[in-house]
Amino acid sequence: MADTKVDQMSVNVVKEPSMMTGAIPGKDWMDTTVTFKPGNYCYPAKKSIVEYLDKGLPGLFGVPREWTVESDDWQLPENWVEIILQGMRERLDKFRSFKVFMDICVRCGACADKCHFFLGTGDPKNMPVLRAELLRSVYRGNFTKAGKILGSIAGGREMTFEVLKEWFMYFYQCTECRRCSVFCPYGIDTAEITMMARELLHLVGVGTNWILEPAANSNRTGNHLGLQPHTFKQNAEFLLDDIEEVTGVMLKNLTFNRKGAEVLFVIPSADVFAEPGIFTFMGYLLIFEHIGLDYTISTYSSEGGNFGSFTNNELMKKLNGKMYAEAERLGVKWILGGECGHMWRVVHQYMETMNGPPDNLEVPKSPITGTVFENAAAAKMVHMSEFTADLIKHNKLKIDKSRNDHRVVTFHDSCNPARGMGLLEEPRYIHQHVCNNFYEMPENTIREQTFCCGSGTGLNTGEIMDLRMRGGLPRANAVKYVEEKHGVNMLSCICAIDRATLLALMEYWNPNVGVCGISELVGNALIMDGEKERDQDLRFEELLGAGQAEGETGNNEEGE
Amino acid sequence: MKHAFLAVIGLIVISWLGSLVGLDYLFGVVFPYLAFAIFLGGFIYRVTNWAKSPVPFRIPTTSGQGKSLDWVKQDKLDCPATFWQVVGRMILEVFVFRSLFKNTKAEIHDGPKLVYGSSKWLWLFGLAFHYCFLIIVLRHMRLFLNPVPAFIGQIEFFDGLFQIGVPVLYQTDLIFVGAVTFLFLRRVLIPQVKYISFAADYFPLFLIFAIAATGILMRYFFRVDIVSIKQLTVGLATFSPAISGDIGSIFYIHVFLVSALLAYFPFSKLMHLGGVFLSPTRNLANNNRMVRHVNPWNDPNIKPHSYAAYEDEFRQFMADADIPLEKELPPEPEPEPAAEEAPAADAAAETPKPAAEEAPAADAAAETPAEKE
């Protein structure tokens with residue numbers, strides 16, 4: 001848990017001198033340096049992990065070594081400045097986004113108070129504009145004439161160790177949530193800038209263990225958690241027993257690595273591993289069994305998430321490549337993807353470009369409703385919420401909404417599906433059809449303006465809890481609003497990192513609010529063939545008015 | 001800020017002195033030509049330089065419902081899926097600053113309680129500034145064109161609709177100065193904006209203010225020889241520049257400042273004029289799952305850890321867990337029950353941890369790397 005008690009934190013964020021509370025720093029930002037102390041940085045990657053990754057992608061992760069962040073000697077290669085500058089030059093030539101975003105910011109400040117980390121810390125370097133300037137200043141100092149000649153007058157500076165420390169601090173206080181880019185009049189996307197900065201940091205061997213170890217795991221075992229095939233399967237099958245206990249139905253359709261299945265289902269691996277993701281997983285399986293979907297799950301491609309995307313585009317591509325490779329090996333027709341945020345950023349905006357075209361797959365078509373998912377015609381991969389919404393629309397799910405009556409639900413738009421996909425209505429449609437008590441958070445905190453959980457892009461690690469609780473404050477605060485107004489007690493989402501991190505965030509700021517995936521709510525409400533009288537939900541918690549609702553069938557709407 | 005201020009003062013002094021010592025041709029002809037050439041060449045250079053870098057990934061910031069199932073209403077302007085929808089989004093972005101229109105202001109109060117209020121002043125004054133600038137530039141076309149096109153007369157008529165003063169006061173002049181002043185004041189008065197501002201932010205504001213001020217002085221207060229000016233400007237436009245008569249220092253100061261702005265433009269943040277059109281988060285359709293997007297430097301040699309290598313490493317476990325294999329196990333004299341071998345993760349399944357984040361369960365991945373690619 002966080003080092004600072006919530007009562008103290010509640011005062012700190014309002015009273016401590018910060019740019020959010022009206023304090024004006026006396027020193028120019030270029031003259032303020034960072035100090036690392038326990039709690040404000042993520043632990044560096046272990047030598048063995050970097051060695052492993054270096055074998056697959058030589059040179060991209062720096063020299064494997066043990067180093068400490070608080071030390072003044074990071075054991076960087078002698079020519080590290082050159083490596084960074086050369087890396088910048090290459091990326092300026094490879095990414096138009098990077099080049100344009102380095103040049104066109106007018107520093108209007110519209111983005112300043114859009115960042116959850118700025119709102120929670122008041123640290124000026126967490127204003128997206130200034131976060132970008134950390135990199136931009138080095139760009140100006142080395143790649144523009146004015147910056148080379150006039151130096152700091154023209155906003156340019158040299159690449160020094162102090163700058164590198166600053167990068168490591170603040171590009172790991174950005175979750176690439178893209179909220180700032182919604183408001184930027186030129187669409188400058190801090191996520192792009194953070195990605196570039198992190199690529200550069202990795203080049204000189206500055207990376208965090210929380211990101212690189214899961215990435216290494218994912219490469220070798222198929223998933224971030226490092227679950228080996230038999231364990232992955234056992235974990236998943238273990239949940240079948242829970243499902244049987246709750247519903248009285250033993251599901252038959254779950255298979256692993258089965259050739260010839262129609263659909264390959266890819267999930268964020270946390271969904272078979274930990275609460276509350278496991279309940280979401282139970283929901284998926286119930287839906288598939290209910291409609292008789294011919295699907296299989298792969299242990300080789302058992303991770304939808306992609307911690308590689310928090311390092312560099314090469315590792316992102318390498319990890320993501322498993323999905324198409326496995327889909328083709330198994331001979332499935334198309335791929336269905338579970339509820340995961342950054343997984344879907346990668347799937348929706350990068351996958352087909354990086355690893356496509358998937359020649360042997362077909363345009364996804366729901367075997368149940370006949371709906372052809374034209375929006376996935378090239379990438380051949382459908383989002384669980386799209387799939388479920390289509391099922392509900394065609395009245396293919398028998399639903400008893402009242403089974404979620406013990407929940408008063410609000411929906412957290414996960415950043416990536418919201419601002420990297422435009423997946424806004426499908427989750428809402430599902431909610432409206434599986435639960436009776438649904439309330440939206442205030443409009444500045446949902447949909448494309450949604451606030452990050454505060455722990456995305458591999459910041460979901462325990463050593464920076466205080467920071468995470470600050471970064472998550474805007475989200476938690478909006479939940480608190482509907483908790484007080486409508487008695488909301490359940491925060492649903494479509495992201496595995498959310499399911500883990502919002503749980504911690506709610507425990508801290510709003511201890512009466514639980515966290516779930518949407519498919520858990522669907523699973524609760526599904527009326528399964530041959531089920532017993534349901535008096536518990538998938539968490540073994542009592543249903544409201546359990547025992548009285550016997551024989552009640554769903555109040556599912558007809559498809560319009 | 002002081003560097004920027006001094007720079008503009010310096011420009012004014014230089015041009016004033018220049019006009020005093022009779023360098024009319026230099027300031028009235030040479031510098032304007034030079035500046036325009038730098039502007040044009042620089043602008044083209046910058047835009048083509050940007051365009052030379054490819055767009056490897058299609059990364060629009062989706063700000064509304066994307067194209068999905070038929071019955072889900074797509075937000076075509078905030079989440080375009082086709083070329084023409086992108087054009088729509090870009091028009092709104094370029095002509096009415098749609099993203100900036102969404103601006104909010106956040107405050108934190110006791111509780112803690114975060115509140116977000118609408119904040120449209122920057123949008124309003126930004127829009128006013130840019131449109132007034134445009135109208136003023138169009139009005140100035142009168143000086144370069146002979147005969148003067150009718151639309152310029154119409155612009156002038158509407159700009160001076162209230163018929164105040166002689167010569168008639170243009171509203172755009174007033175609004176323009178007000179908007180520039182606003183943009184300056186918010187830069188020094190809002191702590192967050194002040195903190196991020198440096199010379200490159202103040203210089204264009206001071207310069208533009210000085211241009212506006214000298215222009216206004218020339219029109220409403222100092223008398224300048226308008227006939228000689230038109231002769232010079234039309235001459236400039238027709239590449240036969242000639243200076244006749246004494247036009248007055250204020251004119252040369254004004255023209256030199258404009259020249260400075262033109263020459264400065266391509267190398268400054270003012271290039272947002274060109275950049276906004278090339279911004280990949282705005283000018284791309286959100287259709288990446290629908291239509292293939294090609295990355296010209298995509299590296300086909302980056303391949304996933306192969307299934308074969310994976311199965312080689314875990315074949316025994318997979319066989320024991322009844323997971324289908326590509327290659328069967330070699331016949332073993334004494335098959336040993338391997339189901340016991342993963343106690344850690346088994347335990348994890350039995351007592352699910354409160355959150356995945358607490359337990360990366362690394363399985364010591366890196367200890368036995370099995371890369372065979």
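## Two chains and their contacts

The contact between the two chains takes 107 residues from chain B and 132 residues from chain A. Please keep in mind while reading that this is a predicted model.

Let us stay with the chain B side of that contact for a moment. The elements of chain B that each give two or more residues to the side touching chain A include the strands β1 (104-109) and β2 (113-118). Helices are on that list as well, among them α4 (98-101), α8 (191-196), α9 (199-221) and α12 (272-275) of chain B. Which element gives the largest share of the side of chain B that touches chain A? That is α13(B), with six residues. Sorted by class, the side of chain B that touches chain A has 60 nonpolar, 26 polar and 21 charged residues.

### Inside chain B

Chain B has 14 helices and two strands. Of its 373 residues, 36% count as buried. Among the contacts in chain B with a separation of 6 or more, 62% are accounted for by residues 24 or more positions apart.

Helix α2 (residues 24-52) and helix α11 (residues 249-264) of chain B have axes that come within 8 Å and cross at roughly 20°. Because of that angle, α2(B) is roughly parallel to α11(B). Their crossing is left-handed. On the α2(B) side, the residues making the contact include Phe27(B), Phe31(B), Phe36(B) and Phe39(B), along with Gly28(B) and Pro32(B). From α11(B), the partners include Tyr252(B), Val255(B), Phe256(B) and Leu262(B). The contact of α2(B) with α11(B) divides into twelve nonpolar residues, two polar and one charged. Asp24(B) and Ser259(B) also take part in this contact.

### Domains of chain A

Turning to chain A, the domain assignment gives domain 1 (27-207), domain 2 (221-393) and domain 3 (401-525). The C-alpha centres of domain 1 and domain 2 of chain A lie 34 Å apart. Seven residues from domain 1 of chain A and six residues from domain 2 of chain A make up the contact between them. Where does the largest share of the domain 1 side come from? Helix α10 (residues 190-203) of chain A supplies it, with three residues. By class, the residues on the side of domain 1 that touches domain 2 are two nonpolar, three polar and two charged.

### A helix crossing in chain A

The axes of helix α13 (residues 277-291) and helix α22 (residues 518-525) of chain A come within 7 Å, crossing at roughly 55°. That angle makes α13(A) oblique to α22(A). The crossing in which α13(A) passes α22(A) is left-handed. From α13(A), the contact draws on Phe279(A), Thr280(A), Met282(A), Gly283(A), Tyr284(A), Leu286(A) and Ile287(A).

### Backbone details

Two cis peptide bonds deserve a look, one in chain A and one in chain B.

| Cis peptide bond | Omega |
|---|---|
| Gly356(A) and Pro357(A) | about -10° |
| Asn146(B) and Pro147(B) | about 0° |

Pro357(A) sits in the loop between α15 (341-355) and β4 (381-383) of chain A. Pro147(B) is likewise in a loop, here between α5 (121-140) and α6 (150-159) of chain B.

Chain A also has residues with a positive phi that are not glycines. Asn257(A), not a glycine, has a positive phi of about 50°. Asn257(A) lies in the loop between α12 (229-247) and β1 (263-266) of chain A. Is Asn257(A) buried or exposed? Asn257(A) counts as buried because 25 C-beta neighbours lie inside 10 Å, and the cut-off for a buried residue is 20 or more.

Phe540(A), also not a glycine, has a positive phi of about 60°. Its place is in the segment after α22 of chain A. With 9 other C-beta atoms within 10 Å, Phe540(A) is exposed, since a residue counts as exposed at 12 or fewer.

How values were computed
Residues numbered from 1 in each chain as written. Chains lettered and ligands numbered in written order. Predicted model: local features only at pLDDT ≥ 70, side-chain atom pairs only at ≥ 80, totals over all residues. Domains from an automatic or database assignment. Helix = DSSP H or I, 4+ residues; strand = E, 2+ residues; numbered from the N terminus. Nonpolar A, V, L, I, M, F, W, Y, C, P; charged D, E, K, R; others polar. Axes fitted to C-alpha atoms, helices over the stretch in contact; angles between N-to-C directions. Parallel < 35°, antiparallel > 145°, perpendicular 65-115°, else oblique. Left-handed = near helix turned anticlockwise from the far one by under 90°.
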